[in-house]
Amino acid sequence: MDVVTLPGRTDYRAGWDLQRRTHASVRDGATGVTYLLEHDSVYTAGRRTRRDEYPTDGTDVVDVDRGGKITWHGPGQLVAYPIVALRSPVDVVRYVRTLESAVMAVCTTLGLETVRVEGRSGVWFAADDGTPDGSDAETPRRERKVCAIGARVARGVTMHGLALNCDADLTAFDAIVPCGIDDADVTSLSAEAGRPVTVDEIRPLLASALVEHLSPLVTELTATQQDIRPAPAGTAVG
């Protein structure tokens, strides 16, 4: 599995086109690849999104063919799109749990304890009674998602993936019901660590964790890293 970093910020539709083209190549026998990138600010809605979960202010939303509901992508969030051929028999639940495990390993490296929430995908912080900066004022906090996961598997090859909030502006989530969940919150690595945790810091950690954790699931294991330039917004890439 190759790990490819797209520098700068990638228009969502251009990145989606890149995914589709790569998916076709992997189906035809090409080596699997994981793209690591940041998107320009955008809302995307998975197939389970209800109309009442869309923004009400006319904000553009891209409807996509992944699982899950509506979410936000943008600066300060590290997105990973593994496009890999899964070993037979294909186990989609195991694949999603593996993505979660890779992110949880990264969080452990930062000294952060994450959890899974039964019935919900993604990586979470448990509800607690305190604040991350250790101040005297204790403010109860609900369960908080730091990484959303929305995947699609077609003909044994994966698409879409995960979005890990590093130092993103979380107010972008205020316009939606993130992932359709209204009884929990969204957080970032920076908010939980009490210090700036940037995409640049997390990128190599996540790349290594994905290679390690996905290795038993995919059909090829040639781990390399390289940089490519994204096409201008709105153009086809491949």
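Mentor: What follows is a set of questions on a predicted model, each answered from its values.

Trainee: Why is Asn-165 called buried?

Mentor: Buried means under 20% relative accessible area. Asn-165 has 3% relative accessibility, so Asn-165 counts as buried. Asn-165 lies in strand S10, which covers residues 157–165.

Trainee: Which residues is Asn-165 in contact with, leaving aside neighbours within four places in sequence?

Mentor: They are Gly-76, Gln-77, Lys-145, Val-146, Leu-170, Phe-173, Val-186, Thr-187, Ser-188 and Leu-189.

Trainee: What makes Leu-110 count as buried?

Mentor: The cut-off is again under 20%. Leu-110 is at 18% relative accessibility and therefore counts as buried. Leu-110 sits in the loop between H2 and strand S7 (115–117).

Trainee: What does Leu-110 touch, not counting residues up to four places away in sequence?

Mentor: Leu-110 touches Leu-189, Arg-195, Val-197, Glu-201, Ile-202 and Leu-205. For Ile-202, 92 residues apart from Leu-110 along the chain, the C-alpha atoms of the two are separated by 9.5 Å.

Trainee: Which residues make the contact between H2 and H4?

Mentor: H2 contributes Tyr-95, Thr-98, Leu-99, Ser-101, Ala-102, Val-103, Ala-105, Val-106 and Thr-109. From H4 come Ile-202, Leu-205, Leu-206, Ala-209, Leu-210, His-213 and Leu-214. By class, twelve are nonpolar, four are polar and none is charged.

Trainee: How do you know that strand S2 is mostly covered?

Mentor: In S2 (residues 33–39), seven of seven residues are buried. Val-33, Tyr-35, Leu-37 and His-39 point one way, while Thr-34, Leu-36 and Glu-38 point the other way, and all are buried.

Trainee: How do you know that S1 and S2 pair?

Mentor: Pairing takes at least two bridges between two strands. Six bridges join strand S1 (residues 2–10) to S2, so the two strands pair. S1 and S2 run parallel, and Val-4 stands opposite Tyr-35 in S2.

Methods
Residues numbered from 1 in each chain as written. Predicted model: local features only at pLDDT ≥ 70, side-chain atom pairs only at ≥ 80, totals over all residues. Heavy atoms only, no water. Helix = DSSP H or I, 4+ residues; strand = E, 2+ residues; numbered from the N terminus. Buried < 20%, exposed > 50% of the residue type's maximum accessible area, 1.4 Å probe, protein only. Contact = heavy atoms within 4.5 Å. Nonpolar A, V, L, I, M, F, W, Y, C, P; charged D, E, K, R; others polar.
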